[in-house]
Amino acid sequence: MGIAPDVLIYDGECAMCRASALWLVRVPLSAGALEILPCRSAPRRLRYPHLTDEACMTAMQLVLPDGRTLAGADAVPELLRRIRGLGWLATVFALPGARPIARRVYAWIAQNRMRLSCQR
């Protein structure tokens, strides 16, 4: 039996979020697999009832095979580590002060994602 995939839960109603999630499942991964689930889907609600719609709509959620969940900017370095050729970018998040800045930038993008993706 193989290792369970990472599961990315995203806002399936946002064009930018959908495009990003679909890009992630198409890029070559260095290890493991990535499954994507829209936040408001029945499979997500059934499999991850502890993740509320509100939490999922506030930030993407990355559920790791060991059960840990990383949200928003905290999920980005984990995703980067899994993409062949981009793992080195994850080290940027370890630089002093990088994580708080990444969280602020992510929060701004998340709050404005509908406007940024030209959807109303």
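The following paragraphs treat the cores and then helix α4.

The model is predicted: local features need pLDDT of at least 70, side-chain atom pairs count only at pLDDT 80 or more, and totals for chains, interfaces and linings use all residues. Residues are numbered from 1 along each chain as its sequence is written, and side-chain values use heavy atoms, with hydrogens and water left out.

A nonpolar core is a set of buried Ala, Val, Leu, Ile, Met, Phe, Trp, Tyr and Cys residues joined through side-chain atoms within 4.5 Å; buried means under 20% relative accessible area, with a 1.4 Å probe and protein chains only. The largest such core has 17 residues, and Leu 8, Leu 24, Leu 34, Leu 62 and Leu 79 have the most contacts inside it. At least two residues each come from β1 (6-10), α1 (15-26) and β2 (34-38), where helices (H or I, at least four residues) and strands (E, at least two) are DSSP runs numbered from the N terminus. Helix α1 gives the most, with three residues. A second, separate core of nine residues includes Cys 39, Leu 51, Met 57 and Val 63.

Helix α4 spans residues 76-82 and contains Glu 78. Glu 78 counts as buried because its relative accessibility is 18%. Beyond neighbours within four places in sequence, Glu 78 is in contact (heavy atoms within 4.5 Å) with Leu 62 and Leu 70. Its side chain also makes a polar contact with the side chain of Arg 81, at 2.7 Å. A polar contact is a pair of N or O atoms within 3.5 Å; within protein, one must be able to donate a hydrogen and the other to accept it, and residues adjacent in sequence count only if both atoms are side-chain atoms.

Arg 82 also lies in helix α4. The Arg 82 side chain reaches the backbone oxygen of Glu 78 at 2.7 Å, and a polar contact of 2.2 Å joins it to the side chain of Asp 6.

Methods:
Buried < 20%, exposed > 50% of the residue type's maximum accessible area, 1.4 Å probe, protein only.
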